[in-house]
Amino acid sequence: MASVAEILTKYESTEDVAEAAQALDLLVEMGAPTDLPVGDCYDELATGAAESDDYALAVRMERRALEHGCDRPDIAEDMLAWYLLKAGRREEGEAEFARLREERAGNPEIIHTLANARMDAGDGPGAVSAYEEALDLARSIDDPAWVDQLREERADCRREQGLPPDEEDLLAGTASSGRPVATHFSLAWFPRDQIEAALARWPSLAGDLSDPDAYCRTIEMRLRETQSATGIHPSVAPLHVERLVEFAAQNDLDPDSGEARSRFAAQVGAGEESVPWPPGRNDACWCGSGRKYKRCCG
């Protein structure tokens with residue numbers, strides 16, 4: 001039988017997700033090295049399986065990630081529910097989402113994730129319903145950034161279902177049938193060397209930026225959601241604080257607003273500064289940590 005070291009080498013070197021999963025299972029059975037973050041390794045393999053459209057494997061890997069204590073169980077739970085829907089296990093997936101919604105009552109983000117997951121799984125009417133519920137919740141908690149985003153996404157979803165524009169679509173500015181369809185998406189991200197400056201200027205961002213690793217993993221989840229919902233690999237748009245402030249001033253925007261960051265990200269993403277995503281399993285992580293993607297956000 002192969003040694004632990006040999007199996008570990010196979011796990012780290014193979015680009016085949018199924019082979020890596022088999023190797024990791026065997027490592028766990030034999031006693032994985034104490035410095036191997038098993039939960040995060042399974043989480044990374046779940047992402048790889050989903051990218052290969054093997055959602056049955058993605059479900060199994062995500063369950064194992066949660067069993068072995070991955071670093072961000074909240075994200076893993078979201079993606080498990082999503083993968084269940086994509087695997088055709090709708091009843092199980094909806095039950096997982098129902099549990100998460102109960103645990104995170106008052107948070108439009110989990111309903112937004114449900115909407116994207118339903119859309120990705122081919123349930124357009126269900127997606128519209130979830131977008132509407134999330135939009136109502138965002139209004140009730142007076143979160144204008146969420147309202148704007150959900151209004152836009154709801155309108156896009158309704159248009160894909162062939163539904164005529166309604167009042168909300170008009171407010172989103174998407175009533176025109178000639179509106180171009182996006183072919184690229186860039187998500188705004190404060191790089192590690194900009195976090196201190198961002199917090200100094202906007203202390204309200206402390207909840208998001210105080211833990212750079214956790215912040216980057218949250219961006220990773222949004223990248224995955226965007227790719228799953230659109231079929232397009234998004235890029236990461238690094239936000240330089242002073243340039244963001246200048247951009248906001250030039251466009252009469254509040255620099256501490258989601259709209260300013262999103263519009264600036266679109267401009268950055270259209271240029272050469274955007275960071276491609278996802279990197280290869282053994283490549284440096286996009287977040288600038290210096291670690292391999294599979295050992296970091298992957």
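At what angle do helix H1 and helix H2 pack, and how far apart are their axes? Good morning, everyone. Let's start there, and please keep in mind that this is a predicted model.

Helix H1 covers residues 4-13 and helix H2 covers residues 17-30; they pack at an angle of about 150 degrees, and their axes are 8 Å apart. Because angles over 145 degrees count as roughly antiparallel, H1 is roughly antiparallel to H2. As for handedness, H1 and H2 cross in a left-handed way.

If you'd like to find the contact on your screens, look on the H1 side for Val4, Ile7, Leu8, Lys10 and Tyr11. Their partners in H2 are Glu19, Ala20, Ala23, Leu24, Leu26, Leu27 and Met30. Sorted by class, this contact between H1 and H2 has ten nonpolar residues, two charged ones and no polar ones.

How are H6 and H7 arranged relative to each other? Helix H6 spans residues 90-103, helix H7 spans residues 108-120, and the angle between them is about 165 degrees, with the axes 10 Å apart. They are therefore roughly antiparallel to each other. The crossing of H6 and H7 is left-handed.

Here the residues from H6 are Glu94, Phe97, Leu100 and Arg101. They meet Ile110, Ile111, Thr113, Leu114, Ala117 and Arg118 in H7. By class, the contact of H6 with H7 divides into six nonpolar residues, one polar and three charged.

Next, a quick stop around helix H9. In the loop between helix H8, residues 124-140, and H9 you will find aspartate 142. Its phi is near 55 degrees, which is a positive value in a residue other than glycine. Is aspartate 142 buried or exposed? With a relative accessibility of 66%, aspartate 142 counts as exposed.

Helix H9 itself runs over residues 144-160, and arginine 159 sits in it. Arginine 159 has a relative accessibility of 31%, so it counts as partly exposed.

Which residues of H14 are buried? H14 covers residues 241-250, and the buried ones are Val241, Leu244, Val245, Phe247 and Ala248. They lie on the same side of H14 because they cover an arc of only 165 degrees around the axis. On the face turned away from that buried side, you can pick out the exposed residues Ala249 and Gln250.

So what covers the buried residues of H14? The cover includes helix H11, residues 192-201, and helix H15, residues 258-269.

Let's look at H15 as a packing partner. H14 and H15 pack at an angle of about 105 degrees, and their axes are 10 Å apart. That makes H14 roughly perpendicular to H15. From H14, the contact uses Arg243, Leu244, Phe247 and Ala248. From H15, it uses Ala260, Arg261, Arg263, Phe264 and Gln267. The classes in this contact of H14 with H15 are five nonpolar, one polar and three charged. Notice Leu244, Phe247 and Ala248: they are buried, and they also belong to the contact with H15.

Between H14 and H15 there is a loop, and aspartate 252 is in that loop. Phi of aspartate 252 is near 55 degrees, again a positive value in a residue other than glycine. Aspartate 252 is exposed, as its relative accessible area is 74%.

Last stop: the segment after H15. Serine 274 is located there. At 18% relative accessibility, serine 274 counts as buried, because the cut-off for buried is under 20%. Which residues does serine 274 contact, leaving aside its neighbours within four places in sequence? They are Ser235, Val236, Pro238, Val268 and Gly269.

Proline 278 is in the segment after H15 too. Do take a look at the peptide bond from tryptophan 277 to proline 278: it is cis, with omega near -5 degrees.

Notes: Residues numbered from 1 in each chain as written. Predicted model: local features only at pLDDT ≥ 70, side-chain atom pairs only at ≥ 80, totals over all residues. Heavy atoms only, no water. Buried < 20%, exposed > 50% of the residue type's maximum accessible area, 1.4 Å probe, protein only. Helix = DSSP H or I, 4+ residues; strand = E, 2+ residues; numbered from the N terminus. Arc of directions from axis to C-beta. Contact = heavy atoms within 4.5 Å. Axes fitted to C-alpha atoms, helices over the stretch in contact; angles between N-to-C directions. Parallel < 35°, antiparallel > 145°, perpendicular 65-115°, else oblique. Left-handed = near helix turned anticlockwise from the far one by under 90°. Nonpolar A, V, L, I, M, F, W, Y, C, P; charged D, E, K, R; others polar.
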